[in-house]
Amino acid sequence: MKNLFDIKNKVIVITGGCGILGKNIANYLAEQGAKIVILDRVEEAGRELEAELNRKSEALFLVTDVLNKEVLEENKKAILERFGTIDVLLNAAGGNMPGATIAPDKTVLDLDVDAFRKVVDLNLFGTVLPTMVFVDVMAKNKKGAIVNFCSESALRPLTRVVGYGSAKAAIGNYTRYMATKFSPELRVNAIVPGFLLTNQNRALLTNPDGSYTDRAKTIIAHTPCGRFAEPEELFGTIHYLISDASSFVTGALSVVDGGFDAFSI
């Protein structure tokens with residue numbers, strides 16, 4: 001019987017591949033025999049990751065700018081020269097910045113509009129532009145999968161992260177829209193991770209001594225699993241969404257949040 005989860009030799013492009021999530025996911029997928037293309041703006045970290053991945057499978061790192069279509073087009077040429085095709089796109093590039101986050105002593109009226117715009121650009125257009133550039137390869141092959149990275153903040157408004165939440169909510173809508181435009185040849189889904197301790201939220205969730213902030217304690221109190229997620233707990237969902245095991249799944253927001261969105265009192 002065919003292994004529905006077999007992803008060996010699939011060419012997988014990961015934007016933001018040097019981030020905590022991107023790096024961990026890349027290593028897992030390489031261990032499954034996939035060929036990995038890392039796109040990131042940090043060259044030194046990218047070269048190190050490329051060497052690490054090449055010990056497990058085939059890997060290529062390319063410097064990119066997910067907000068520059070011309071750079072992405074050059075990336076595509078290099079990928080096709082090396083691997084000949086693209087099977088999967090993981091839009092993992094994204095992030096937040098202080099100006100788009102409302103400080104405890106501020107209100108929404110103090111929001112830095114320029115920072116808000118930059119966060120929307122990075123998260124939303126940093127997903128839209130790579131999709132526009134790479135989707136044609138999969139469409140011509142009449143087979144492929146795109147997984148966008150959404151957020152718990154897209155499902156319910158979270159205090160203080162208004163810019164990030166708005167951008168991720170837009171990604172949820174964009175995912176569903178794109179799923180209707182490229183079916184049945186191409187599937188477009190999104191993963192909705194729960195709360196992880198990453199570089200972008202560590203200051204919100206931990207004190208300088210490493211203890212949890214009140215915000216972190218509230219999150220855990222509202223998470224039935226009673227803790228933060230670990231990066232490896234996203235691997236199974238990612239693997240499922242890019243494999244033939246999910247061949248009838250498109251336009252879905254796959255929530256991996258320890259029950260946070262289901263919590264009620």
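Ala, Val, Leu, Ile, Met, Phe, Trp, Tyr, Cys and Pro count here as nonpolar, Asp, Glu, Lys and Arg as charged, and the others, Gly among them, as polar. This is a predicted model: local features need pLDDT of at least 70, side-chain atom pairs count only at pLDDT 80 or more, and totals for chains, interfaces and linings use all residues. Residues are numbered from 1 along each chain as its sequence is written, and side-chain values use heavy atoms, with hydrogens and water left out.

**Stop 1: the second largest pocket**

Select K143, G144, E185, R187 and D244. Of the 15 lining residues, these lie nearest the pocket's centre. A pocket is an open set of points on a 1 Å grid over the protein atoms alone, where a 1.4 Å probe fits, with protein on both sides within 12 Å along at least five of seven lines; lining residues have an atom within 4 Å of a point. The space is about 210 Å³, a volume filled by probe spheres set on the points. Its lining has 7 charged, 4 polar and 4 nonpolar residues.

**Stop 2: D244 and K2**

D244 sits in the loop between helix 9 and strand 7, K2 in the segment before strand 1, so the pair ties together parts 242 residues apart in sequence. The structure holds 12 salt bridges.

**Stop 3: helix 9**

Select 235-242, which is helix 9. Helices (H or I, at least four residues) and strands (E, at least two) are DSSP runs, numbered from the N terminus. Buried means under 20% relative accessible area, exposed over 50%, partly exposed in between (1.4 Å probe, protein chains only). The buried ones are F235, T237, I238, H239, L241 and I242.

**Stop 4: the largest nonpolar core**

Colour I12, L29, I36 and L90. They have the most contacts inside this core of 30 residues. A nonpolar core is a set of buried Ala, Val, Leu, Ile, Met, Phe, Trp, Tyr and Cys residues joined through side-chain atoms within 4.5 Å. Helix 1 gives the largest share, 6 residues. Now centre on L90: its contacts (heavy atoms within 4.5 Å) include I12, L29, I238 and I242.

Definitions and conventions: Salt bridge = Lys/Arg side-chain N within 4 Å of Asp/Glu carboxyl O. Lists of a residue's contacts leave out its neighbours within four places in sequence.
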